[in-house]
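Here's a quick briefing to read with the model open beside you.

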Amino acid sequence: MPAPAISRRRLLAGSLGLALLTACGRPAAGDAAGAPAGDGFPRTVRHEAGETTVPAAPERVVALSDYLDLDLVLALGVQPVLYGFTDAWGSGNMPWQTEAGVAGLARMDIPTSQADPERVVSARPELMVGMPPAAEQYDVLSRIAPTVCLGWETTWHDGLTTVAAALGREDRVEGLAQRYRDSVATAAARLDGLGGLPVVAGSAYHDQIYVQGDASPMVGLLRDLGLTVHTTGPDAVTGYSAEEVDVLAPAGVLLCPATDAAGTAAAEASELWRRLPAVAAGRYSVLSPVFARALTENLSPLSIDWALRSLVPLLERTAAGDGVPLGRAGS
């Protein structure tokens with residue numbers, strides 16, 4: 001998962017005064033012209049940063065980043081008036097978000113993953129949805145509009161339920177969940193347990209080795225696909241020194257999110273890496289930054305079909321000993 005950016009709380013506090021002065025000139029969220037009455041509003045939604053009261057069904061929604069928060073808002077049929085663009089790992093816009101129309105929406109560039117309060121205020125939001133950086137800014141953002149925060153380890157289903165409650169779109173949850181289940185079931189039947197080979201999702205990032213753990217969305221998906229997945233701990237990801245590369249040795253199939261190309265190349269050049277059983281047998285493949293995001297931070301009913309279109313053939317190819325290391329990633 002992306003490490004939270006260094007806090008800009010002091011800078012944000014300085015800009016908050018102007019932001020709130022601007023906000024004072026607009027109607028309260030529940031007074032927006034045309035906002036539907038009733039439908040269970042006002043309502044209180046529990047989330048990663050606490051509890052938030054949403055006074056009326058929101059029409060103007062801001063997704064504070066382009067991770068799970070944006071995916072879920074789009075999946076629920078809402079076009080946000082503004083979203084935060086992280087360009088994480090140089091991955092650009094996600095293809096499934098582009099298919100959902102995000103290219104035509106207003107965005108704020110947030111390379112630090114933290115929102116600009118003045119830009120947020122200018123969007124006149126009635127609801128904001130965000131990832132952990134939003135929790136760091138919660139005291140600022142929640143003074144602008146009701147704010148709901150998700151966590152890096154929030155499952156897509158729990159996140160979907162939370163965001164749907166805030167939007168008043170609970171009626172869409174089961175249909176989206178069924179879409180996910182149907183896509184996974186079709187892929188699982190094709191993979192047929194992939195011959196019982198244990199799968200490990202591990203990567204090299206700078207001078208560390210990272211292994212996706214039990215709380216990782218990627219591990220959850222692989223297990224939903226009927227595969228045997230070996231992990232080293234309960235967390236979403238666990239870090240090890242480069243010398244501890246043998247933590248990847250149990251892999252029959254090794255999938256490597258190559259979010260640091262230089263670090264991945266250095267690992268592939270090392271003798272310790274080349275001696276890993278999966279690597280030596282050709283059952284090792286890298287995942288591009290976009291692919292890695294599809295399976296981790298952005299795994300959702302919106303991304304699942306795109307993810308499986310790439311993942312299923314890659315797993316079949318890799319299990320057959322025709323893996324795709326970094327040097328062959330374009331083949």
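The expected span of a helix is 1.5 Å times one less than its number of residues. Take α14: it has 16 residues and reaches 21 Å from its first C-alpha to its last, close to the 22 Å expected. Keep in mind that this is a predicted model.

**The chain overall**
- The protein chain has 14 helices and 12 strands.
- Of its 331 residues, 53% count as buried.
- Looking at contacts with a separation of 6 or more, 68% come from residues 24 or more positions apart.

**The nonpolar cores**
- In soluble globular proteins, nonpolar side chains tend to be buried together.
- Here, the largest nonpolar core has 70 residues. Leu221, Leu222, Leu225, Leu308, Leu311 and Leu315 are the ones with the most contacts inside it.
- Which helix gives the most to this core? That's α14 (residues 304–319), with 8 residues.
- Pick Leu222 and skip its neighbours within four places in sequence: Leu222 is in contact with Val199, Leu227, Val229, Leu255, Leu311 and Leu315.
- Another core, of 19 residues, lies apart from the largest one. Val211, Tyr240, Ala258 and Tyr284 are among its members.

**Helix α14 and its cover**
- The buried residues of α14 include Ile304, Trp306, Ala307, Leu308 and Leu311. Val312, Leu314, Leu315 and Thr318 are buried in α14 too.
- What covers them? The list includes the helices α3 (95–99), α8 (173–191), α9 (217–224) and α13 (289–295), along with the strands β11 (253–257) and β12 (284–287).
- Just past the end of α14, Gly321 takes a positive phi of about 90 degrees.

**Helix α7**
- With 12 residues, α7 reaches 16 Å from its first C-alpha to its last, close to the 16 Å expected.
- Why call α7 largely enclosed by the rest of the structure? Because 9 of its 12 residues are buried, meaning under 20% relative accessible area.
- Those buried residues are Trp156, Gly159, Leu160, Thr162, Val163, Ala164, Ala165, Ala166 and Leu167.

**Aromatic contacts**
- A search of the whole structure finds 5 aromatic pairs.
- The rings of Tyr67 and Trp152 have centres 5.1 Å apart and planes at 80 degrees; over 60 counts as edge-to-face, so that's what this pair is.
- This pair links distant parts of the chain, 85 residues apart: Tyr67 is in the loop between β3 (61–63) and α2 (68–75), while Trp152 is in the loop between β7 (147–149) and α7 (156–167). Tyr67 and Trp152 are both buried.
- Trp156 and Tyr180 form a tilted pair, at 4.4 Å centre to centre and 40 degrees between the planes. Trp156 is in helix α7 and Tyr180 in helix α8, 24 residues apart, so to speak a link between distant parts of the chain. Both Trp156 and Tyr180 are buried.
- One aromatic cluster is made up of Trp96, Phe291 and Trp306.

**Charges over rings**
- The charged end of Arg43 sits over the ring of Phe41, 4.1 Å from its centre.
- Likewise, Arg107 has its charged end over the ring of Phe85, 3.8 Å from the ring's centre.

Notes: Residues are numbered from 1 along each chain as its sequence is written. Side-chain values use heavy atoms; hydrogens and water are left out. A nonpolar core is a set of buried Ala, Val, Leu, Ile, Met, Phe, Trp, Tyr and Cys residues joined through side-chain atoms within 4.5 Å. Buried means under 20% relative accessible area, exposed over 50%, partly exposed in between (1.4 Å probe, protein chains only). Helices (H or I, at least four residues) and strands (E, at least two) are DSSP runs, numbered from the N terminus. Contact means heavy atoms within 4.5 Å. Rings of Phe, Tyr and Trp (its six-membered ring) pair if their centres lie within 6.5 Å; planes under 30 degrees apart count as stacked, over 60 as edge-to-face and the rest as tilted. A charge sits over a ring if NZ of Lys or CZ of Arg is within 6 Å of the ring centre and within 35 degrees of the ring normal.
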